[in-house]
Amino acid sequence: MLKKIFGKKNSSNKNAKTEEEILALIDRDRLPKHVAVIMDGNGRWASGQGMVRSAGHASGVKTLKTILRAAVDLKIEAFTVYAFSTENWKRPTAEVEFLMKLFADSLARELDEMDELGIRIKFIGRLDGFSPYLQEQFDNACRRTANNTGVKFNVAVNYGGQDEMLRVMQSLAKEVQAGNVAPDDIDVSMIEERLDTAGVSPVDLVIRTSGDMRLSNFLIWQTAYAELWFTDTNWPDFTKAEFYKALLDFSQRDRRFGGLSKKK
Ligand code: IPE
Ligand code: IPE
Ligand code: MG
């Protein structure tokens, strides 16, 4: 069945467009190179239907699979998702433990298929905060897909933008202390090559689901000039049609980067 958007579910809104119709409207030359997604609202989705929060996280993995596949089909260069923040340790132990197991199980289940799709998976964040088993799983997935040439799929875990900048600053401070570089010679490229996303282009589009309009410490350097797109839909309900809608909106924006519009 074709999915309808631009209207209430099951409404007979004549303006509703199908997934395929939205896709057809997108100028493929104006797609973002790097899409970053704050997959929010899993807990609210679950509570809203009387389920435990963890059920929302499990359902969110299915959404991620669908949207990642859409990114592969569209040949998006880089796709980064926020899976666990440096702040998320504040949650109840049972929820954190569930998430850790979900990361391990989902990775084990999906790795073969991601590899076949040519996806290059990388985990970004302070990885030493995880159990040795999980670190080994992350490392194994990264090494196994390193020579693939498809979508660069970054999964941010124990990730905080401020924590990433702190690690960059510590690394540069060590270089200065060792006498390898003078403070005045520190430049943007020296910062960017120390980021977790080194070698990946800056974020063009940030999508955040579930209605909150903030970055929550996600990719603060990389999103400096990103376009932002928000939806009230909770992540487990997010569809390919809505993803295409975000891309269509992005493709029609006038990105000026502080200069003047190229549009006449
Ligand atoms: C996002 O969903 C997933 C993680 C932070 C791990 P939430 O768990 O934040 O869901 P809400 O925002 O409480 O609904
Ligand atoms: C951001 O969502 C982190 C992830 C999606 C993993 P949160 O739910 O943790 O963000 P806040 O607390 O609403 O800012
Ligand atoms: Mg949340």
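1. A word on terms: two strands pair if DSSP finds at least two bridges between them, and strands (E, at least two residues) and helices (H or I, at least four) are DSSP runs numbered from the N terminus. This is a predicted model, in which local features need pLDDT of at least 70 and side-chain atom pairs count only at pLDDT 80 or more. Residues are numbered from 1 along each chain as its sequence is written.

2. Strand 5 (residues 120-124) runs parallel to strand 6, and five bridges join them. Arg120 has Lys152 as its bridge partner in strand 6.

3. Why is strand 6 largely enclosed by the rest of the structure? Because four of its five residues (152-156) are buried, meaning under 20% relative accessible area with a 1.4 Å probe, protein chains only.

4. Phe79 and Phe153 turn up again in the largest nonpolar core, of 51 residues, among those with the most contacts inside it. Such a core is a set of buried Ala, Val, Leu, Ile, Met, Phe, Trp, Tyr and Cys residues joined through side-chain atoms within 4.5 Å. Helix 4 (residues 93-116) gives the most to this core, with nine residues.

Definitions and conventions: Chains lettered and ligands numbered in written order. Heavy atoms only, no water. Buried < 20%, exposed > 50% of the residue type's maximum accessible area, 1.4 Å probe, protein only.
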